[in-house]
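Open the structure in your viewer and keep the selection tool at hand. The tour moves from the whole chain to one residue.

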Amino acid sequence: MATFNLKINGKSRTVDVDPATPMLWVLRDHLDLPGTKYGCGIAQCGACTIHLEGNAVRSCQLPVSSVGKSAVTTIEGLSEKADHPVQKAWLEHDVAQCGYCQTGQIMTAAALLKRNPNPTDEEIEAQMSGNICRCGTYVKIKEAVKSAAKK
């Protein structure tokens, strides 16, 4: 075990865990932030996407020991009142079906728009292609990302 001082959603948090523990489990099991979802466990589906210094990363394969002083943002920290433009667009376009993958989808879309506020259809498709939705809401996801980009 080792002690890690982390910056999560703008707050300092301390955890005492094995250095190899994936951030997904640190967030869910040790910090009571269950918004980040477990999907495949091998960084292929995107359900566990969080932001590390503003970049979308898969938390299921990110050891807590590699985070250091980098700022981590989860879906709980994306906005205080769930009013981030991407979250609002998700509601406006009624994107979610089962909803399981949506936190990862939203985090990936938010990182894209922060880096590129006016993405093309191809850029949206390329960025979002790493997030899998078993319900097949890809058309609505693309519409929501385009809508959020206009705000």
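Predicted model: local features only at pLDDT ≥ 70, side-chain atom pairs only at ≥ 80, totals over all residues.

Residues are numbered from 1 along each chain as its sequence is written, and side-chain values use heavy atoms, leaving out hydrogens and water.

**Domains.** Select 2–78, then 85–149: these are domain 1 and domain 2, with bounds from an automatic or database domain assignment. Their centres, taken over C-alpha atoms, are 21 Å apart. Now show the contacts (heavy atoms within 4.5 Å): 18 residues of domain 1 meet twelve residues of domain 2.

How much area do domain 1 and domain 2 bury between them? The figure is about 1,300 Å², 60% of it on carbon and sulfur atoms. Buried area is the accessible area (1.4 Å probe) that two parts lose on being put together, summed over both.

**Helix 3.** Select 102–115, which is helix 3; helices here are DSSP runs (H or I, at least four residues), numbered from the N terminus. Helix 3 gives three residues to the lining of the largest pocket, the largest share.

**Thr108.** Stay in helix 3 and pick Thr108. Is Thr108 buried or exposed? Thr108 counts as buried because its relative accessibility is 2%, and the buried class is under 20% relative accessible area, with a 1.4 Å probe and protein chains only. Leaving aside residues up to four places away in sequence, Thr108 touches Thr49, Ala56, Arg58, Gln127, Met128 and Asn131.

Notes: Helix = DSSP H or I, 4+ residues; strand = E, 2+ residues; numbered from the N terminus. Buried < 20%, exposed > 50% of the residue type's maximum accessible area, 1.4 Å probe, protein only.
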